Amino acid sequence: MSRAPKILLLDSNALIHRSYHALPPLTTPKGEQVNAVFGFANALLKAIKDEKPDYVVACFDVGRETFRNKIFAGYKAHRQETDEALTLQIPRVWEIVEVLNIPLFAQKGVEADDLVGSLSKIATKQGIQAVIVTGDNDALQLVNDSVSVYSLRRGVTDTLTYHRDGVYEKMGVYPEQIVDYKALAGDSSDNIPGAPGIGPKTAVELLTKYHDLDSIYTHLDELKERTGQILRDNKAQVYMSQELGQIKCD
């Protein structure tokens, strides 16, 4: 039986950051630091070898400001400025992508994973299996029957491919519940606040019983008094966190 065509969607900035922090500061004979470039290339070539795709696309961030900063000024505000040694390597990664004739997508106002999400939807409509290559767990919310996540775990060569059941084993919730999980528990890596006092364990318990955020709010009277009060008092912040955590797919 012939298989469906397959596309690799590279969350390039996530791969660059993972490579930079996972590898020692490798340099060329001229002294140019290239650990992020080397790691990106290794991750890309390994993913191509493992997945044998028909197509590859690379998505990049452009600047730090996105529509999410307009929703919440504190979004990613706690992150330090990117190391100059990393910033200087990004143009080299663009060169690799261009030399390999890989289409490059970048758009101001959104993040690379919003482009990845949008492309995964287009691929699904066209009957193409999408494999998202990333070092970031945000993409797990996109997993479905036609979308998987090829994730870098440690370094750049220890990888794991997540399908729906694998996401549940890792997170305790299914892919379609991850955005609501972030809305409740927050996400410290992106400075998404969530509901103060609602941790991962409680978020999983609530979503296991009520399935989604709207249903939880419909049944507040059934919850423990403290949990119900926290959710009542922080409803606007919770739904804002849901919006921040949702990857755009349009």
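At what angle do the axes of helix α1 (residues 12-22) and helix α2 (residues 35-51) cross, and within what distance do they come? In this predicted model, the two axes cross at roughly 120° and come within 8 Å. Because of that angle, α1 is oblique to α2. The crossing of α1 and α2 is right-handed. On the side of α1, the contact is made by S12, L15, I16, S19 and Y20, and on the side of α2 by N35, A36, G39 and F40. By class, the residues of this contact divide into 5 nonpolar, 4 polar and no charged.

**Helix packing**

Helix α2 also packs against helix α5 (residues 90-99), at an angle of about 30° and with the axes 9 Å apart. Since angles under 35 degrees count as roughly parallel, α2 is roughly parallel to α5. Here too a right-handed crossing is found, with α2 passing α5. V37, F40 and A41 of α2 meet R92, V93, I96 and V97 of α5. The contact of α2 with α5 has 6 nonpolar residues, no polar residues and 1 charged residue. F40 is listed in the contact of α2 with α1 and in that of α2 with α5.

A further pair is formed by helix α8 (residues 178-185) and helix α12 (residues 235-245), whose axes come within 8 Å and cross at roughly 135°. That angle makes α8 oblique to α12. The crossing of α8 and α12 is right-handed. V179, D180, K182 and A183 of α8 are in contact with V238, S241, Q242 and G245 of α12. This contact of α8 with α12 comprises 3 nonpolar, 3 polar and 2 charged residues.

| α1 and α2 | roughly 120° | within 8 Å | 5 nonpolar, 4 polar, no charged |

In soluble globular proteins, nonpolar side chains tend to be buried together. In this model, the largest nonpolar core has 42 residues, of which L9, I132, L184, I216 and L231 touch the most other members. Apart from this core lies another, of 24 residues, including L10, V34, A58 and V133. With neighbours within four places in sequence set aside, I132 is in contact with L9, V116, A139, L142, V147, S148, V149 and Y150.

**Individual residues in helices**

N13 lies in helix α1. Is N13 buried or exposed? With a relative accessibility of 9%, N13 counts as buried. Beyond its neighbours within four places in sequence, N13 is in contact with C59, F60, D61 and A112. N13 and I216 are 203 residues apart along the chain, and their C-alpha atoms are separated by 35 Å.

A85 is placed in helix α4. A relative accessible area of 24% makes A85 partly exposed. Not counting residues up to four places away in sequence, A85 touches Y20 and Q33. Y20 is also one of the α1 residues in the contact with α2. From A85 to P193 the separation is 108 residues in sequence and 30 Å in space, C-alpha to C-alpha.

**Individual residues in loops**

G74 is located in the loop between α3 (67-71) and α4 (84-87). The relative accessibility of G74 is 14%, so G74 counts as buried. G74 stands 34 residues from F40 in sequence, and the two are 29 Å apart in space, C-alpha to C-alpha.

Most residues other than glycine have a negative phi. Against that background, N191 has a positive phi, near 60°, and is not a glycine. N191 occupies the loop between α8 and α9 (200-210). Because its relative accessibility is 28%, N191 counts as partly exposed. H211, also not a glycine, has a positive phi of about 80°. The loop between α9 and α10 (213-218) holds H211. H211 has a relative accessible area of 53% and is therefore exposed.

Definitions and conventions
Residues are numbered from 1 along each chain as its sequence is written. This is a predicted model: local features need pLDDT of at least 70, side-chain atom pairs count only at pLDDT 80 or more; totals for chains, interfaces and linings use all residues. Side-chain values use heavy atoms; hydrogens and water are left out. A nonpolar core is a set of buried Ala, Val, Leu, Ile, Met, Phe, Trp, Tyr and Cys residues joined through side-chain atoms within 4.5 Å. Buried means under 20% relative accessible area, exposed over 50%, partly exposed in between (1.4 Å probe, protein chains only). Contact means heavy atoms within 4.5 Å. Axes are lines fitted to C-alpha atoms, for helices over the stretch in contact, and angles run from 0 to 180 degrees between N-to-C directions. Helices (H or I, at least four residues) and strands (E, at least two) are DSSP runs, numbered from the N terminus. Angles under 35 degrees count as roughly parallel, over 145 as roughly antiparallel, 65 to 115 as roughly perpendicular and the rest as oblique. A crossing is left-handed if the near helix is turned anticlockwise from the far one by less than a right angle, and right-handed if clockwise. Ala, Val, Leu, Ile, Met, Phe, Trp, Tyr, Cys and Pro count as nonpolar, Asp, Glu, Lys and Arg as charged, and the others, Gly among them, as polar.
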